[in-house]
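Trainee: I would like to go through this model with you, taking its strands, helices and charged pairs in turn.

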Amino acid sequence: MAPRISAFNILQGRLLLTVFIFILTAFIIVYCIPTLNESSNLTLSFSRFTDNLQTLLLKQVKDLNDKVIRPLEERINNLEIKNKNKYASVKYLAEKDRKRILITGGAGFVGSHLTDSLLLAGHEVTVVDNFFTGRKSNIEHWIGHENFELINHDVVEPLYIEVDQIYHLASPASPPHYMYNPIKTIKTNTIGTLNMLGLAKRVRARLLLASTSEVYGDPEMHPQPESYWGHVNPIGPRACYDEGKRVAETMCYAYARQERVEVRVARIFNTYGPRMQMADGRVVSNFILQALQNESLTVYGDGEQTRSFQYISDLVNGLIKLMNGNISQPVNIGNPEEHSINHFAKIIKEQTNSSSKIVYMDGQEDDPQRRRPDIERAEKELGWKPEVPLIVGLRNTIDYFRKELLRSDSTKDL
């Protein structure tokens, strides 16, 4: 952590500088100027002047201390006490149990919830984010905490830091975001992953890669086990993300074999919850936002394509279990409960009491038709499975979006 410089420290410095200038002036007057004068009366006058100057200086110092420094010091102490009370209570861990954890993309949707869980568990967390899709508001409630540090950094550039574990989440994850700048997406998932693996190698840290169900592409096997190699279009509009993650996985296992770096790979399926960006283009956020504003719910294609939705807290628990587990093979982290897009749209309408209509638009290129994880490996090796029912998670998410819309509307009125 960087040392904090308070206003009190600055005032002390200025006061010392003032005292030094007065003493230097007095020295010049007493010892230098009289040598240029032959009159002893002049020397006596200067001596009296310095005595008066010293008395005046001491009075000024006392006044400054009583009127400025002491009140300011009290205010600073009060602010420090107030700041200590504003954070959630974190568990105390002994030095041997407390880990130094780096989360790339830690200001994003998933990363910020992971940050919460790890800090509450008593660990020291450093978040690295370039804020392309991440937001400071997601982690601002930890800023200033002694166990938290935020670094504005792009993982495409090397990072030198001492850590015990690395959760490598940095990458745009929604189609509009990763297709906005496909070259940047490829760089983040390749060069960024290479940099994090290099860091893990140097400091002997364990690295968890947040991979994706997109490595399966438009699958021909259903549900999708980790042993399935996928069905991906390598030159389509989604390829920058799909193939970027596939290469990232390849890099992880190359470092594991050649450099003995400990790696974990989580293949994350559709996830939803508070702190999702309202305009990220995902089906959950799209439907909720449209329903709350009584706008038409847009379904691409015939709506019979399926998705599996897991709540954010289930995902975070799965990631932490995987990081601290003993399995180095890829692990699906998702909810095997499958819903068609049409059925999901009806659920959103019911939960929001919306009068929205469902409209159909042309299907998107390379949009997977079926998506459902086989989580047998996670259940067997990690003892993990999703616990939050869809309706409960959706209500929490809808409440979050409703509050965000109210905040947005109140800002417009200003």
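**Strands, helices and salt bridges**

Mentor: Strand 2 and strand 3 (residues 148–152) pair in the parallel sense over five bridges, where pairing requires that DSSP finds at least two bridges between the strands. This is a predicted model, in which local features need pLDDT of at least 70 and side-chain atom pairs count only at pLDDT 80 or more, while totals for chains, interfaces and linings use all residues. Residues are numbered from 1 along each chain as its sequence is written, and side-chain values use heavy atoms, with hydrogens and water left out.

Trainee: Which residue in strand 3 is the bridge partner of Val127?

Mentor: Helices (H or I, at least four residues) and strands (E, at least two) are DSSP runs numbered from the N terminus, and strand 2 covers residues 124–129. Within the parallel pairing of strand 2 and strand 3, the bridge partner of Val127 is Leu150.

Trainee: What is the handedness of the crossover from strand 1 through helix 3 to strand 2?

Mentor: Strand 1 (residues 100–104) also pairs with strand 2 in the parallel sense, over five bridges. The chain passes from strand 1 through helix 3 (residues 109–120) to strand 2. A crossover is called right-handed if, with the strands pointing away from the viewer, the path from the first strand over the helix to the second runs clockwise, and this β-α-β crossover is right-handed.

Trainee: How many of the 10 residues of helix 7 are buried?

Mentor: Buried means under 20% relative accessible area, exposed over 50%, and partly exposed in between, with a 1.4 Å probe and protein chains only. The buried residues of helix 7 include Val283, Phe287 and Ala291. Helix 7 (residues 283–292) is largely enclosed by the rest of the structure, because the number of its residues that are buried is nine.

Trainee: How far apart are the closest N and O atoms of Arg267 and Glu249?

Mentor: A salt bridge is a side-chain nitrogen of Lys or Arg within 4 Å of a carboxyl oxygen of Asp or Glu. Arg267 lies in strand 6 (residues 263–268) and Glu249 in helix 6, 18 residues apart. Arg267 is buried, with a relative accessible area of 8%, and Glu249 also counts as buried at 8%. Their closest N and O atoms are separated by 2.8 Å.

Trainee: Where in the chain is Asp154, the residue that pairs with Lys184?

Mentor: Lys184 forms a salt bridge with Asp154, with the closest N and O atoms 2.4 Å apart. Lys184 is in helix 5 (residues 182–203), and 30 residues away Asp154 lies in the loop between strand 3 and strand 4 (165–168).
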